[in-house]
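Here is a short report on one protein chain. Keep the structure open while you read.

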Amino acid sequence: MLMRQIGQDLAEPAAAQRQAEPGADASGTRTRGRLLRPRAVLPVAATLALATGLTATVWDGGGGSAPTAAPSETAAVLLDHIATAAQANSTGTKAPTGDQYVYTRVLERENKGELGGPVKLGAAHTEERWMSQDPDPVATYGAARETGKDAVMPGQLLPIETSVPDGEKGDGARGPGFHRPTYAWLASLPTDPDALLKRLYAEVEDDGRQTRDQAVFEAVGDLVVNNLMPPENAAAFYRALARVPGVRKVPDAVDAAGRHGVGITLKRSAYATRDAWIFDRDTLTYLGSRFYMAEDGKPGHDEVLAGIDAVMQLGVVDRVGARPSGGISGYAPSRLS
């Protein structure tokens, strides 16, 4: 994820070469506000990571003027079908309690290219995550472990911790919310798509470069794809996403496990990068994602695949390090390619 973030930064023109834009500050620099998926992020210095554990990246993108293009009919229809499938999905999995953890096992390939050089996808490796469902503010709210070639610190169980903003004191304890979505908090959100969309637009930040529609698209994906969620809320998120201008369907997309499906994406022209969320053609369950960036860092130019993943298992466990015996239907491992 660190390399992915660096790739996003490199994809933008250097701040010294930019002029101030409408909605940006006078220097032309930008602030961050995008809500990222709950992944553990290693600091630059490995020794610091060993000393302090991992920090969860929680918000990195913003808002701006909305494009005028409406969602394509095929994307809107597909998202409605996905929402219907999510709402009807009966897995038998009980809602986690506050002392349990949501477990995910993800197969992923990340950019291992040199800083400033071309993208070079590394080998497929596995990341496991245990995310706390504690309803109270906590400073350590999960743990992660990677295994396999090109994994970061393979085999080590590392904490996912909140960070303390510069200039502030305290342990960084954070309660459930957009930055730490627990099952109970997700269940508290509106199930009416319009009300949910209004809430999302109110939450994303405006940095003058990324449109607010783009920020909402990212937030929906980050909240939905790697979290266990009540069926009614999952359906509301997908129907809300169908109302975001610029969302389009990808007829064929492949996840890191080699599974073909249909995708949903939105061009992020400001950052010269975009994500595509992939769903099974038959069951319409979420499979994984693909991350692209412009080869030369210029918006609208030829893209290169810069990251790919696949969710292989999702379930509820009682402690960090435990694995569920089963998992959510639709996330069973498949043949790797």
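A residue counts as buried when its relative accessible area is under 20%. The model discussed here is predicted.

**Helix 7**

Eight of the eleven residues of helix 7 are buried, so this helix is largely enclosed by the rest of the structure. The buried residues are Asn 233, Ala 234, Ala 235, Ala 236, Phe 237, Tyr 238, Ala 240 and Leu 241. Which elements cover them? The cover includes helix 3, helix 4 (183-187), helix 5 (193-203), helix 6 (212-224), strand 8 (260-265) and strand 9.

Take helix 3 (residues 73-88). Its axis lies 8 Å from that of helix 7, and the two pack at an angle of about 175 degrees. Angles over 145 degrees count as roughly antiparallel. Helix 3 and helix 7 are therefore roughly antiparallel to each other. On the helix 3 side, the contact involves Leu 79, Asp 80, Ile 82, Ala 83, Thr 84, Ala 86 and Gln 87. On the helix 7 side, it involves Pro 231, Glu 232, Ala 234, Ala 235, Tyr 238, Arg 239 and Leu 241.

**Aromatic rings**

Tyr 238 has a ring partner too. Rings pair if their centres lie within 6.5 Å, and planes over 60 degrees apart count as edge-to-face. The count comes to five aromatic pairs. In one of them, the ring centres of Tyr 238 and Phe 279 are 5.6 Å apart and the planes stand at 80 degrees, so the pair is edge-to-face. This pair links distant parts of the chain. Tyr 238 is in helix 7 (residues 231-241), Phe 279 is in strand 9 (residues 273-280), and 41 residues separate them. Are these two residues buried or exposed? Both Tyr 238 and Phe 279 are buried. Ring pairs also bring in Tyr 286, which forms a cluster with Tyr 238 and Phe 279.

Another ring contact involves a charge. The charged end of Arg 274 sits over the ring of Tyr 292, at 4.4 Å from the ring centre.

**Strand 3 and its partners**

Strand 3 (residues 101-110) has ten residues, and eight of them are buried, so the strand is largely enclosed by the rest of the structure. How many bridges join strand 3 to strand 4, and how many to strand 11? The table lists both pairings.

| Strand 4 (residues 125-132) | antiparallel | eight | Thr 104 and Arg 129 |

**Two positive phi values**

Most residues other than glycine have a negative phi. Asp 150 has a positive one, near 70 degrees. Asp 150 is in the loop between strand 5 (140-147) and strand 6 (158-161). With 30% relative accessibility, Asp 150 counts as partly exposed.

Leu 284 also has a positive phi, near 65 degrees. Leu 284 lies in the loop between strand 9 and strand 10 (286-294). The relative accessible area of Leu 284 is 16%, so this residue is buried.

**The chain as a whole**

The protein chain has seven helices and eleven strands. Of its 337 residues, 50% count as buried. Among contacts with a separation of 6 or more, 62% come from residues 24 or more positions apart.

Key
Residues are numbered from 1 along each chain as its sequence is written. This is a predicted model: local features need pLDDT of at least 70, side-chain atom pairs count only at pLDDT 80 or more; totals for chains, interfaces and linings use all residues. Side-chain values use heavy atoms; hydrogens and water are left out. Rings of Phe, Tyr and Trp (its six-membered ring) pair if their centres lie within 6.5 Å; planes under 30 degrees apart count as stacked, over 60 as edge-to-face and the rest as tilted. Helices (H or I, at least four residues) and strands (E, at least two) are DSSP runs, numbered from the N terminus. Buried means under 20% relative accessible area, exposed over 50%, partly exposed in between (1.4 Å probe, protein chains only). A charge sits over a ring if NZ of Lys or CZ of Arg is within 6 Å of the ring centre and within 35 degrees of the ring normal. Two strands pair if DSSP finds at least two bridges between them. Axes are lines fitted to C-alpha atoms, for helices over the stretch in contact, and angles run from 0 to 180 degrees between N-to-C directions. Angles under 35 degrees count as roughly parallel, over 145 as roughly antiparallel, 65 to 115 as roughly perpendicular and the rest as oblique. Contact means heavy atoms within 4.5 Å.
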